[in-house]
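Let's take a walk through this one, starting with a loop residue and moving on to the pocket and the charged pairs.

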Amino acid sequence: MKKTPLRRKTSINKTKFEISEIKTPTRKASRSTIMQKADSAFSLFIRTRDSQAYEGRAFRCISCGRVLSIEQADCGHYVNRSHMSLRFSELNCNAQCRHCNRFQEGNFSGYRQGLIQKIGEPKVLLLEAQKNITTKITNFELEILAKHYRAETKKFKYQIK
C-alpha cells in the first residue's frame, strides 16, 4: 500500500483532509530580501528621527531646506548606498525630499551645505574619506541591523507610518 501525504477522513457532513508526513523545506531568505528589510527599517528610522521637530508630520529637506509633508520624505544618502561602509551610517543619511533625492540625483551640493550646517565640516570630510573603506556586511548582521532600527524607531515620541 502506497502512503499518500493527504489522508481522507470522512464525517457525517464534511470531508476533511489532514496533512501528514509532509515536510516543508525551510528556505533561507535571499540576501536581497534581507538587505531590503534592513534598508526599510533604517529608512523609517531616519525619516522618523528627522520629523521629530515637526511632531512626525513634516520634515526639513537637508538639500533644499524646504519643509514638506512627511509623505514626501526619502532617506537620502550623502555618500552613495553602494558604499557599504556608510550605507547604514546615521551621519551619512538624512531626510530628503523626493524631488532632490530622485530627480536631482541627491542634489549633492545642497546636501553637502546642509550637512556641514548640521554636523560640521570635519565630520563631512570624515564621511568622504570613509567611503573608500571596503566593508562586507553578512546576512546575520543585516538582520540584526533591521531589528535594531525597528526597536530604535519605536522609541521616538512621534511615529510616522
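Asparagine 107 sits in the loop between helix H2 (98-103) and H3. This is a predicted model, and in it asparagine 107 has 16% relative accessibility, so it counts as buried, the cut-off being under 20%. Setting aside neighbours within four places in sequence, asparagine 107 touches Ser63, Cys64, Gln96 and Cys100.

The largest pocket holds about 250 Å³ of space. It is lined by 15 residues, and closest to its centre are Cys75, Gly76, His77, Gln96 and Asn101. Helix H1 (31-50), strand E5 (73-77) and helix H3 (108-119) are the elements that each give two or more residues to that lining, with E5 giving the most, at five residues. By type, the lining splits into five nonpolar, six polar and four charged residues.

On to the charged pairs: the salt bridge count is nine. Here are some of them.

| Pair | Closest N to O distance |
|---|---|
| Arginine 81 and aspartate 39 | 3.4 Å |
| Aspartate 74 and arginine 98 | 3.5 Å |

Aspartate 74 is in strand E5 and arginine 102 in helix H2, so their bridge ties together parts that are 28 residues apart in sequence. Aspartate 74 is buried at 8% relative accessibility, while arginine 98 is partly exposed at 35% and arginine 102 is partly exposed at 49%. Shared partners also join Asp39, Arg81 and Arg87 into one salt-bridge network. In that group, aspartate 39 is buried at 14% relative accessible area, whereas arginine 81 is partly exposed at 38%.

Key:
Residues are numbered from 1 along each chain as its sequence is written. This is a predicted model: local features need pLDDT of at least 70, side-chain atom pairs count only at pLDDT 80 or more; totals for chains, interfaces and linings use all residues. Side-chain values use heavy atoms; hydrogens and water are left out. On a 1 Å grid over the protein atoms alone, a cavity is a set of points where a 1.4 Å probe fits but cannot get out, and a pocket is an open set with protein on both sides within 12 Å along at least five of seven lines; lining residues have an atom within 4 Å of a point. Grid points are joined across faces, edges and corners, and a volume is the space filled by probe spheres set on the points. Helices (H or I, at least four residues) and strands (E, at least two) are DSSP runs, numbered from the N terminus. Ala, Val, Leu, Ile, Met, Phe, Trp, Tyr, Cys and Pro count as nonpolar, Asp, Glu, Lys and Arg as charged, and the others, Gly among them, as polar. Buried means under 20% relative accessible area, exposed over 50%, partly exposed in between (1.4 Å probe, protein chains only). Contact means heavy atoms within 4.5 Å. A salt bridge is a side-chain nitrogen of Lys or Arg within 4 Å of a carboxyl oxygen of Asp or Glu.
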